[in-house]
Amino acid sequence: MTPRDQLEDDDCLRACLASIFDLTALDVPHFVRDHGALWNAEFKDWLAGRGFECVAFDNHYPRQGVYLADGWTDRDTPHMTVWRGTEMIHDPHPSKAGLTNIRRTYWIMPLELSKPEVMFLSTPSSSPQGG
C-alpha cells in the first residue's frame with residue numbers, strides 16, 4: 001500500500017483506492033463527480049475489471065487485512081479512510097484527522113474469494129474437536 005492524498009475536496013474514495021492498489025490518484029476514476037447517481041455501479045465495474053469486488057458491512061468489526069471505512073469527520077462531512085485491523089492506517093484528507101465514527105466498512109477482495117463455496121471453506125467447523 002502506498003498512501004495517496006486527495007487531489008480534490010470530495011475524492012477520498014479515489015485516494016483510498018489508489019492507496020490500496022498502489023496507483024496514482026489520477027489512475028482511479030473520480031466515481032462520484034464523473035458518474036453522479038450511477039457512481040456505485042461504475043465503482044463495481046472498475047473493480048471487476050481488475051478482478052475484485054467490494055463487500056460492504058454496516059458495522060465495524062475488527063479485522064485483519066486492509067479495508068476501507070467510511071463515516072463522519074469532525075468537519076461534519078462524510079469521508080473514507082483506509083484501515084488495517086482496528087487501526088486507521090491512512091486518511092487521505094490533508095487534516096489526517098480520521099473519522100469520528102464508522103458507518104460502514106468495505107472489503108476489496110478478489111472475485112474468486114467472494115464466491116460462497118470459497119468463503120465457507122475457510123470457516124472453522126462448528127463441531128467440537130478432540131476426544
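**Figure 1. D22 sits in the loop between helices α1 and α2 of this predicted model**. Helices here are DSSP runs of H or I with at least four residues, strands are runs of E with at least two, and both are numbered from the N terminus. Although D22 is not a glycine, its phi is positive, at about 55°. The D22 residue is partly exposed, with a relative accessibility of 43%; this class lies between buried (under 20% relative accessible area) and exposed (over 50%), using a 1.4 Å probe and protein chains only. As for the bookkeeping, residues are numbered from 1 along each chain as its sequence is written, and side-chain values use heavy atoms, with hydrogens and water left out. In this predicted model, local features need pLDDT of at least 70 and side-chain atom pairs count only at pLDDT 80 or more, while totals for chains, interfaces and linings use all residues.

**Figure 2. D76 is found in the loop between β2 and β3 (78-84)**. Here again is a residue other than glycine with a positive phi, near 60°. D76 counts as exposed, at 62% relative accessibility.

**Figure 3. What covers the buried side of helix α3?** Start with the residues themselves: F43, W46 and L47 are buried in α3. They share one side of the helix, because they span an arc of only 95° around the axis, taken from the directions from the helix axis to the C-beta atoms. A handy reminder: an α-helix has 3.6 residues a turn, so residues three or four places apart point the same way. The cover over the buried residues of α3 includes α1 (12-20), α2 (31-35), β1 (52-57) and β5. Contact here means heavy atoms within 4.5 Å.

Figure 4. The structure holds six aromatic pairs. Rings of Phe, Tyr and Trp (its six-membered ring) pair when their centres lie within 6.5 Å; planes under 30 degrees apart are stacked, over 60 edge-to-face, and the rest tilted. W39 is partly exposed at 30% relative accessible area, whereas F43 is buried at 5%.

**Figure 5. Y67 and W107 form a stacked pair**. Their ring centres lie 5.7 Å apart with planes at 25°, so this pair counts as stacked. It links distant parts of the chain, with Y67 in strand β2 (residues 66-72) and W107 in strand β5 (residues 101-110), 40 residues apart. Y67 is buried, at 1% relative accessibility.

**Figure 6. One aromatic cluster is formed by F21, F31, W39, F43, W46 and F52**. Two of its members, F43 and W46, are also among the buried residues of α3.

Figure 7. A salt bridge is a side-chain nitrogen of Lys or Arg within 4 Å of a carboxyl oxygen of Asp or Glu. R14 meets E8 at 3.6 Å, N to O; R14 is buried at 6% relative accessibility, while E8 is partly exposed at 31%. R33 and D34 come to 2.8 Å at their closest N and O atoms, and both are partly exposed, R33 at 45% and D34 at 42%. In the bridge between R75 and D74, the closest N and O atoms are 4.0 Å apart. R75 is partly exposed at 30% and D74 exposed at 59%. Shared partners join E8, D11, R14, R33 and D34 into one salt-bridge network.

**Figure 8. Model confidence is lowest in helix α4 (residues 116-121) and highest in α1**. The mean pLDDT, the predictor's confidence in each residue from 0 to 100, is 47 in α4 and 96 in α1. Residues 118-131 have a pLDDT below 50, and beyond near neighbours in sequence this stretch has four contacts in the model. Over the chain the average is 84, with 83% of the residues scoring at least 70.
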